[in-house]
Amino acid sequence: MKQKFAALACAVCLCAGLCIPAAAAGVYSDVPGGAWYESAVESVTEDGYMTGVDETHFAPTANVTRATVVMVLWRMEGCPEGNTPATFSDVPAGAWYAQAVAWAQGAAIAQGDDAGRFQPNAYVTRQELAVLLTRYDRYKGVTLAEGALNLYSDASKIGVWAVDGMKHAVGMGWLEGSAGLINPGGLASRAQLAVILQRMTTPANG
């Protein structure tokens, strides 16, 4: 509970253009009632993990960027202050995601490319998202799951670097396939991220 309050507090304290108050849950005009992601959007908004792109729009079908994923994880962790700025060449000190990226880099969650760039605006694939979330769980000391990837006919398309992350995401129930496909290279949407976050933060029954 304390973690939720801390995340919500930090979300509200960020600039108004980036953070919408938790009361915005359920009032997004582009989140229709009964949508498969409706409850997840309400949940992550109330918890302060995700915000709308403005006061009345969540943009559920928009693609997720690397900066957004790192910002979400930073909020989930309670918005810790980093003592060392990020060293990525494309993360300006004044960027809205700079503090989150600095924390994620220090926590070994965010890694750059061979040119030393973080690529904050790059869209995230499902396997890239799985890897980032798995690194967060590893940072939290969670034992990694061993999901069965051989259940999906396109498992061979998963990058070698992403296998452990995909196994964990599948084993934890975060990622689910469709028609026998896990679609590792497909771009993740904001609605999908919201659903995954809801699954991550909802205690299992039993």
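## Ground rules

Numbering starts from 1 along each chain as its sequence is written, and side-chain values use heavy atoms, with hydrogens and water left out. Since this is a predicted model, local features need pLDDT of at least 70 and side-chain atom pairs count only at pLDDT 80 or more, while totals for chains, interfaces and linings use all residues.

## The overall picture

Helices here are DSSP runs of H or I with at least four residues, strands are E runs of at least two, and both are numbered from the N terminus.

Of the 206 residues, 47% are buried. Buried means under 20% relative accessible area, exposed means over 50%, and partly exposed is in between (1.4 Å probe, protein chains only). Take the contacts with a separation of 6 or more: 75% of them link residues 24 or more positions apart. A contact means heavy atoms within 4.5 Å.

The mean pLDDT is 88, and 85% of the residues reach 70 or more. That score is the predictor's confidence in each residue, from 0 to 100. Confidence is lowest in helix α1 (residues 2–13), at a mean of 47, and highest in α5, at 98.

Two stretches have pLDDT below 50. Residues 4–9 are one of them, with 15 contacts in the model beyond near neighbours in sequence. Residues 11–25 are another, with 25 such contacts.

## Helices α3 and α5

Helix α3 (residues 66–76) packs against helix α5 (residues 126–139) at an angle of about 25°, with the axes 11 Å apart. Axes are lines fitted to C-alpha atoms, for helices over the stretch in contact, and angles run from 0 to 180 degrees between N-to-C directions. The two helices are therefore roughly parallel. For such labels, under 35 degrees is roughly parallel, over 145 roughly antiparallel, 65 to 115 roughly perpendicular, and the rest oblique.

From α3, Val69, Leu73 and Met76 make the contact, and from α5 it's Leu129, Leu132, Leu133 and Tyr136. By class, that gives 7 nonpolar, no polar and no charged residues. Nonpolar covers Ala, Val, Leu, Ile, Met, Phe, Trp, Tyr, Cys and Pro; charged covers Asp, Glu, Lys and Arg; the others, Gly among them, are polar.

## Helices α2 and α7

Helix α2 and helix α7 (residues 190–201) meet at an angle of about 70°, with their axes 8 Å apart. That makes α2 roughly perpendicular to α7. On the α2 side the contact uses Ser39, Ala40, Val41, Ser43 and Val44, and on the α7 side Ala194, Val195, Leu197 and Gln198. By class, this contact has 6 nonpolar, 3 polar and no charged residues.

The buried residues of α2 (residues 38–47) are Ala40, Val41, Ser43, Val44, Thr45 and Asp47. Just after α2, Gly48 takes a positive phi of about 85°.

## Two residues to look at

Thr68 sits in helix α3 and counts as buried, at 18% relative accessibility. Setting aside neighbours within four places in sequence, Thr68 touches Trp96 and Leu193.

Gly171 lies in helix α6 (residues 163–171) and is partly exposed, with a relative accessible area of 43%. Beyond neighbours within four places in sequence, Gly171 is in contact with Ala145 and Gly147. Its C-alpha atom is 7.1 Å from that of Ala148, 23 residues apart along the chain.
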